[in-house]
Structures are given as C-alpha cells and as structure tokens.
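Let's take a friendly walk through a protein model, one feature at a time. Keep the picture beside you as you read.

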Amino acid sequence: MTTAILSALPEEQAGLAANLENPSVHVYAGREFYVGRWNGQPVVFVLSRIGKVAAATTAAAVIERFGATRLYFTGVAGGLHPRVKVGDTVVATELLQHDIDASPLFPRHEVPLYGRSRFAADMAGVAQLTLAAQAVTEAGAIDDDVRQRFGLGAAPCVHQGLLVSGDRFVSRASESQALREALPDALAVDMEAAAVAQVCHDHGVPFAAVRHISDRADDSAHVDFPAYLAQVAALQARALISALLDRHAPA
Ligand code: ADE
C-alpha cells in the first residue's frame, strides 16, 4: 500500500520530504513528487498548489503515475461553524464543493451526473487522522508565546464533519455567513480537498483530509493567513503528518 500525502503549500508539509528513507524526486505535470519510505512504508509527498483543478490534477497523477493506493490531504482551512476556532483541527467525514452550481439543471452543490453533492471520506483514514490530530493537540506542538500572539485558546479541539471546498479564499464575513446559511453543518472551508475526494471516488482509492484552522474566513482572514502559515501551521503540519505516518508503521 502506497500512501500519498498531498498539501497545497510548502508550509503545509514543512520539509517532511527530507525525512524519507531511500528518497527520489520525480518531476511530472509541473510538480515534484517525493517518493520514498517512512519506517519502511512506501510514501509519496507532493504539493498540489492552490485550487480545485491543481488539486485534482495532482491527485490523478499520484494515483496513476505513482501507484498511490491511499490519499491524505493535509493543510489549513478557514473555520466556518461557530464551534470551530483558530487553532482547532477539522477531520473531514464528508466533502462538498460549495461553488458548484448547475441549477436549474441539477440541485445547487450537486456534482452533475454523480447524483450527489457530498463525497464520504474513508472512515479508516478518518480514524487515523483523528488519533494523530488528538495526539498532536495533547502534546502541544505550539509554544505558549506563539499561542498568545495569535490569540489561540488553551484547549484546541479536534472536530469531525463536513469540509467544503471552492476556488475562492473566503475573506469576507458576508461570504462566510452565506456559506453558513447554505450549509449549516459545514465546519470549515478550503480550496482543494473536495476536488481530491471526487478524483479518489472515481478511482476507488480511499481518501481522508485534515485541516488545521488558520483563520475564521472573515474580514481578517487575509491578514492572519501568511503569518499563521509560517509561524504555526508549519509546526502543526510537521507534527501531524509525522504522527499519522508513525501510526502506519509496522509494529
Ligand atoms: N484556507 C485557509 N483559510 C481559508 C479561507 N479563509 N478560505 C479558503 N481556503 C482557506
């Protein structure tokens, strides 16, 4: 079984490819695929870049060219649900593209000719990500002074539920409010994961996604985002992906 870890941005994998055993780098479709082993298990790391098309292209390539038999998407997202705070982690159990709308031909949010708007995550992957996220949260990967600087609460939570994706960085309170009204159970918003869920559905490959909450998808999202990515999300990503892959290692 080959596990692929996809993330959009370099900070979201925080140099983890350097830890691979027997590493090799393959350039394909304009991306660098880092192939190797983690505690003996075959792994591929790749950065998709931002947006649904970039993520879908990368997912298809890692399955077809690099033989990935299980995909994880990791990185940051904007919190939508009132319970989801900056510093929390969301593990997706379902994924939906919030910007797909072929109405009146198909219901809003339905992916045309799939007969569905929501793609379910692989529950074994959800369980692995949840355990890894809980371990990281309990270990406290982020220093207290950094926590204070970003106003992070003392007890970050790990949530499971709906993650929505679209080709927009949501940086207006009015837009996140509209998303909450249209999709009241949505926990968080990103720009990639639901597209990867659709590709994995097509290929019959198990998929799960985890997102660390970097902002509240409101008027200050664009201000918080770059600093948070560099100073918090990179540490969080390193800890989470390491914990996840360590869990996959042979006993
Ligand atoms: N990823 C992180 N924050 C986001 C936001 N506010 N909108 C979309 N994707 C994001």
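## Buried or exposed?

A residue is called buried when its relative accessible area is under 20%, exposed when that area is over 50%, and partly exposed in between. Keep in mind that this is a predicted model.

You will find A14 in the loop between β1 (3-7) and β2 (21-28).

## Another loop to explore

Now move to the loop between β6 and β7 (118-120), where P104 is found. The peptide bond that leads from S103 to P104 is cis, and its omega is near 10 degrees.

H109 also has its place in the loop between β6 and β7. With a relative accessible area of 7%, H109 is buried.

## Inside the nonpolar cores

Next, look for the largest nonpolar core, which has 71 residues. The residues with the most contacts inside this core are F45, V62, L71, L95 and F207. Which helix gives the core its largest share? That is helix α6 (residues 221-248), from which 10 residues come. Another core, of 10 residues, lies apart from the largest one, and L96, V170, L179 and V189 are among its members.

## A strand residue: V90

V90 is found in strand β6 (residues 89-97). Is V90 buried or exposed? Its relative accessible area is 0%, so V90 is buried.

What surrounds V90? Setting aside neighbours within four places in sequence, V90 is in contact with V84, H159, L187, A188, A209, V210, R211 and I213. For a sense of distance, take V90 and S117: they are 27 residues apart in sequence, and 19 Å separates them in space, C-alpha to C-alpha.

## Where two helices cross

Helix α2 (residues 123-139) meets α6, and the axes of these two helices come within 9 Å and cross at roughly 130 degrees. That angle makes α2 oblique to α6. The crossing of α2 past α6 is right-handed.

Which residues meet at this crossing? From α2 come Q128, L129, L131, A132, A133 and V136, and they meet Q236, A239, L240, A243, L244, R247 and H248 of α6. Sorted by class, the contact of α2 with α6 has nine nonpolar, three polar and one charged residues.

## A last stop on α6

Stay with helix α6 and find D224, which has its place there. D224 has a relative accessible area of 28%. This value falls between the cut-offs of 20% and 50%, so D224 is partly exposed.

Which residues does D224 touch, once those up to four places away in sequence are not counted? The partners are S214 and D215. D224 and S214 are 10 residues apart in sequence, with 7.5 Å between them in space, C-alpha to C-alpha.

Technical notes: Residues are numbered from 1 along each chain as its sequence is written. This is a predicted model: local features need pLDDT of at least 70, side-chain atom pairs count only at pLDDT 80 or more; totals for chains, interfaces and linings use all residues. Side-chain values use heavy atoms; hydrogens and water are left out. A nonpolar core is a set of buried Ala, Val, Leu, Ile, Met, Phe, Trp, Tyr and Cys residues joined through side-chain atoms within 4.5 Å. Buried means under 20% relative accessible area, exposed over 50%, partly exposed in between (1.4 Å probe, protein chains only). Helices (H or I, at least four residues) and strands (E, at least two) are DSSP runs, numbered from the N terminus. Axes are lines fitted to C-alpha atoms, for helices over the stretch in contact, and angles run from 0 to 180 degrees between N-to-C directions. Angles under 35 degrees count as roughly parallel, over 145 as roughly antiparallel, 65 to 115 as roughly perpendicular and the rest as oblique. A crossing is left-handed if the near helix is turned anticlockwise from the far one by less than a right angle, and right-handed if clockwise. Contact means heavy atoms within 4.5 Å. Ala, Val, Leu, Ile, Met, Phe, Trp, Tyr, Cys and Pro count as nonpolar, Asp, Glu, Lys and Arg as charged, and the others, Gly among them, as polar.
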